[in-house]
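Thanks for coming, everyone. Please take a look at the structure on the screen. I'll talk you through its rings and its cores.

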Amino acid sequence: MTSQSLLDPRTRFSDLNLSLPPPAPFPVLQRDFPTKPDSGETSYKGRGRLTGRRALITGGDSGIGRAVVIAMAREGAKVAINYLPGEALDAEDLAKFLAQEGIDIVRLPGNLLDEAFCDKLVQDAEKALGGLDILVNNAGRSFPVNDDITTYTTERFDTTMRTNLYSGFFLTRAAVKIMPPGSSIIFTASDVVFNATNGVIDYVASKHAVAGLVQALGISLAAKGIRINAVAPGFVYTPLIPATGITTDQLQQLAATLPLKRPAQPVELAPVYVDFADASMTYTSGSIWSCNGGAQAYFLG
């Protein structure tokens with residue numbers, strides 16, 4: 001058996017000079033980062049853990065979603081990804097990159113705020129993949145940091161909740177009708193469920209709701225033999241960061257307050273999603289796994 005080299009979390013990625021693109025309207029593209037997030041392009045090695053599986057991954061063009069796509073594809077799964085039409089260039093970059101390895105992914109662009117589209121997305125993914133037994137509800141939205149709730153508009157709050165919570169509810173409701181026993185549904189929650197933060201009140205509320213949804217469905221979906229869990233990332237270097245208005249200087253200031261003195265890279269989250277999808281994890285459901293590098297709180301500003 002080949003031994004696996006240890007990776008020191010203090011020094012892993014220490015050679016990356018993190019640099020964000022200027023704050024820009026949502027969506028921000030990963031291709032525009034001066035220093036690209038590591039989504040596992042060269043660092044994730046598959047071991048065939050998901051051979052024969054069929055996965056639909058939302059927000060799969062960049063960040064954590066991109067890392068999950070790369071990981072699950074290299075683990076042997078057939079993968080379909082969803083993304084906004086405005087993120088098509090990132091999705092194209094990913095598809096071309098994986099094609100060099102002989103991996104083809106199915107691209108299904110569209111807006112998850114549309115309930116009818118969510119139903120169609122599940123149907124289209126099932127048809128394209130020849131079935132569906134993994135659903136990763138990863139797509140998310142966060143507006144610029146703002147600590148004054150009196151200035152939050154109903155439109156902002158509604159968009160955040162519908163993107164982070166409702167879309168996953170729509171997709172899960174459609175998917176459980178066709179998923180066989182042993183299937184796995186995975187949400188992206190957030191470590192804000194466990195540790196406090198400020199400035200993104202609507203985002204925090206939506207992720208607490210995601211956690212509650214997962215825990216409740218962990219009970220009810222047991223009767224169908226379908227497992228459901230959530231990953232709760234801490235501060236991760238993804239396009240969601242500049243979309244909140246955070247600059248490179250602010251990123252570095254926040255990173256300095258974290259136990260490992262750096263944000264996570266998307267590839268560091270991917271193994272947790274693979275674990276949840278693994279068919280052998282038959283008694284893991286309704287769980288929320290925090291991946292926060294030891295952080296206890298976050299302060300944005």
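This is a predicted model: local features need pLDDT of at least 70, side-chain atom pairs count only at pLDDT 80 or more; totals for chains, interfaces and linings use all residues.

I'll start with the aromatic rings and then move to the nonpolar cores.

Rings first. How many aromatic pairs does a search of the whole structure find? Four. Two geometric values come up here. A pair of aromatic rings is described by the distance of the centres and the angle of the planes.

Take Phe169 and Phe170. Their ring centres are 6.0 Å apart and their planes are at 55°. Now, is Phe170 buried or exposed? Phe170 has 6% relative accessibility, so it counts as buried. Phe169 has 37%, so it counts as partly exposed. Tyr166 joins Phe169 and Phe170 in a cluster linked by ring pairs.

Next, Phe276 and Trp289. Here the centres lie 4.2 Å apart and the planes meet at 40°, so this pair is also tilted. Where do the two residues sit? Phe276 is in helix α8, residues 270–277. Trp289 is in strand β7, residues 288–291. They are 13 residues apart, and the pair links distant parts of the chain. Phe276 is buried, because its relative accessibility is 0%. Trp289 is partly exposed, with a relative accessible area of 29%.

Rings also meet charges. Arg141 lies over the face of Phe143, 4.2 Å from the ring centre. And the charged end of Arg156 sits over the ring of Tyr152, at 4.1 Å from its centre.

Now the cores. The largest nonpolar core has 38 residues. Which residues have the most contacts inside it? They are Met72, Val79, Ile105 and Tyr273. Several elements each supply at least two residues of this core, among them β1 (54–58), β2 (78–82), α2 (88–99), β4 (134–137) and α8. Which element gives the most? That is α1, with eight residues. Helix α1 spans 63–74.

Stay with Tyr273 for a moment. Leaving out residues up to four places away in sequence, Tyr273 touches a list of residues including Ile64, Val68 and Met72. Val136, Asn138, Ile186 and Thr188 are also on that list.

Key
Residues are numbered from 1 along each chain as its sequence is written. Side-chain values use heavy atoms; hydrogens and water are left out. Rings of Phe, Tyr and Trp (its six-membered ring) pair if their centres lie within 6.5 Å; planes under 30 degrees apart count as stacked, over 60 as edge-to-face and the rest as tilted. Buried means under 20% relative accessible area, exposed over 50%, partly exposed in between (1.4 Å probe, protein chains only). Helices (H or I, at least four residues) and strands (E, at least two) are DSSP runs, numbered from the N terminus. A charge sits over a ring if NZ of Lys or CZ of Arg is within 6 Å of the ring centre and within 35 degrees of the ring normal. A nonpolar core is a set of buried Ala, Val, Leu, Ile, Met, Phe, Trp, Tyr and Cys residues joined through side-chain atoms within 4.5 Å. Contact means heavy atoms within 4.5 Å.
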